[in-house]
Amino acid sequence: MNISKRPSPTTPTVDFDRDGIQHGHLRLPWSRDDSAWGSIMIPICVIKNGEGPTALLTGANHGDEYEGPVALFDLARTLKPEEVKGRIIIVPAMNYPAFQAGTRTSPIDKGNLNRSFPGRPDGSVTEKIADYFTRYLLPLADIVLDFHSGGRTLDFLPYAAAHALPDKGQEKACFDGVAAFSAPYSMRMIEIDAVGMYDTTAEQMGKVFVTTELSGGGTISARTASIAKRGVLNVLKHAGIVSGAPEVEVTQWLDMPSSDCFVFSEADGVFEPLKDLGEKVSRGEIIARIHPIGRTGTAPSDYRAAMDGILAARHFPGLIKTGDCLAVVATLTGGP
Ligand SMILES: [Zn+2]
């Protein structure tokens, strides 16, 4: 990683070393037409009580994913310092400009925060946010939980996830965190393109890193909100920061064994799923069709599963374009 030594222009209005609860902001200067010396104010909450581990909890790394913000605004409002041993740093909406706009990427610079790490203190607004997390927040953390969902264009089975890592001790600690989160599904995840991700940066710093994909479609459901709220408390209990045992539910472990699990569209048209999320699929079976929309009488193109498993993710909107991720098939396993 090429990490700058130049100081960040971002200033926290909270003191990370003070006991008690503080609701404040990360103030990131953003000079613009309607506010010459203006700033982006990213909400942050710090809850600290004595010595103990630090959890860094984040949502809306992508601005159109809502389980994280709902669970984390709720946690920041309800958790009391006396219930904590150690420190919890809560940023419910990491890419705050994207979250305000309801879009995956930032409306300011089109920055995709989860492709902007480790970031730059002298870069775009999105790169400055990434840099602040890389050099100021991640070093404070022992365990990191970053909430994702599918956003407007993908829908997922609700799962917590971690990655295969070269350090097997670190990898086990990450999967122990996934098990503690206790989503209905738990995934051993591979990435299409891991370069520039918050995940990769945190993992390379040796952190225990847990992520999620909790449905999607650019909205939230009662079910996934409750999964998120229970999951974050479970991870804090697992880390010994909140007392009590995690509320563990039955989880189905899944694996993404190779890039064959991703199915990509090679046509534009209207998307017809032949399988729904959670349904079993067999290798070679047709899982979706794309119908051309220019004229009648034209045959659809068929898309097949490359492996046995279940449908773990799918394209969400009704229309689809060439190159869109159409589906993800995951295999059923007994554990990480
Ligand atoms: Zn995301």
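**Reading the zinc site, the sheet and the spaces**

Tutor: Start with the metal. The zinc ion is coordinated by His-62 (ND1), Glu-65 (OE), Glu-65 (OE) and His-148 (ND1), at 2.0 to 2.4 Å. Keep in mind that this is a predicted model.

Student: How are the donor residues of the zinc ion spaced in sequence?

Tutor: Their pattern is H-x2-E-x82-H. His-62 sits in the loop between strand E4 (54-58) and helix H1 (67-78), and His-148 in the loop between strand E6 (143-146) and strand E7 (154-156), so the pair ties together parts that are 86 residues apart in sequence.

Student: Are the two histidines buried or exposed?

Tutor: Look at the relative accessible area. Under 20% counts as buried. His-62 is buried, at 3%. His-148 is buried too, at 5%.

Student: What is the geometry of the site of the zinc ion?

Tutor: First the general idea. Four tetrahedral donors have an ideal angle of 109.5 degrees. Now this case. The angles among the 4 donor atoms run from 57 to 147°. To count as tetrahedral, all angles must lie between 85 and 135 degrees. The site of the zinc ion is therefore irregular.

Student: How many bridges join E15 and E16?

Tutor: Strand E15 (residues 286-291) pairs with E16 over 4 bridges, in the antiparallel sense. Take one example. Ile-286 has Arg-304 in E16 as its bridge partner.

Student: Now the empty spaces. How is such space found?

Tutor: Rolling a probe the size of a water molecule over the atoms shows where empty space is left. A cavity is space where the probe fits but cannot get out, while a pocket is open. This model has 2 cavities of 30 Å³ or more.

Student: What about the second largest cavity?

Tutor: Its volume is about 30 Å³. Among the residues that line the second largest cavity are Thr-10, Leu-26, Lys-128 and Tyr-132. Strand E2 (20-29) and helix H3 (125-137) each give two or more residues. H3 gives the most, with 4 residues. The lining divides into 6 nonpolar, 1 polar and 1 charged.

Student: And the largest pocket: how many residues line it?

Tutor: The largest pocket is lined by 41 residues. Arg-104, Arg-115, Leu-154, Ile-192 and Cys-325 lie nearest its centre. The space comes to about 730 Å³. Elements giving two or more residues to this lining include E7, strand E9 (185-189), E17 and E19.

Student: One last check. How far apart are Ile-40 and Ser-186 in space?

Tutor: They are 35 Å apart, C-alpha to C-alpha, and 146 residues apart in sequence. Ile-40 is found in strand E3 (residues 39-49). Ile-40 is buried, with a relative accessible area of 5%.

Notes. Residues are numbered from 1 along each chain as its sequence is written. This is a predicted model: local features need pLDDT of at least 70, side-chain atom pairs count only at pLDDT 80 or more; totals for chains, interfaces and linings use all residues. Side-chain values use heavy atoms; hydrogens and water are left out. Two strands pair if DSSP finds at least two bridges between them. Donors are N, O and S atoms within 2.8 Å of the metal (3.2 Å for Na, K and Ca); water is not among the atoms, so sites may look incomplete. Four donors count as tetrahedral if all angles lie between 85 and 135 degrees; four count as square planar and six as octahedral if opposite donors are over 155 degrees apart and all others between 65 and 115; anything else is irregular. Buried means under 20% relative accessible area, exposed over 50%, partly exposed in between (1.4 Å probe, protein chains only). On a 1 Å grid over the protein atoms alone, a cavity is a set of points where a 1.4 Å probe fits but cannot get out, and a pocket is an open set with protein on both sides within 12 Å along at least five of seven lines; lining residues have an atom within 4 Å of a point. Grid points are joined across faces, edges and corners, and a volume is the space filled by probe spheres set on the points. Ala, Val, Leu, Ile, Met, Phe, Trp, Tyr, Cys and Pro count as nonpolar, Asp, Glu, Lys and Arg as charged, and the others, Gly among them, as polar.
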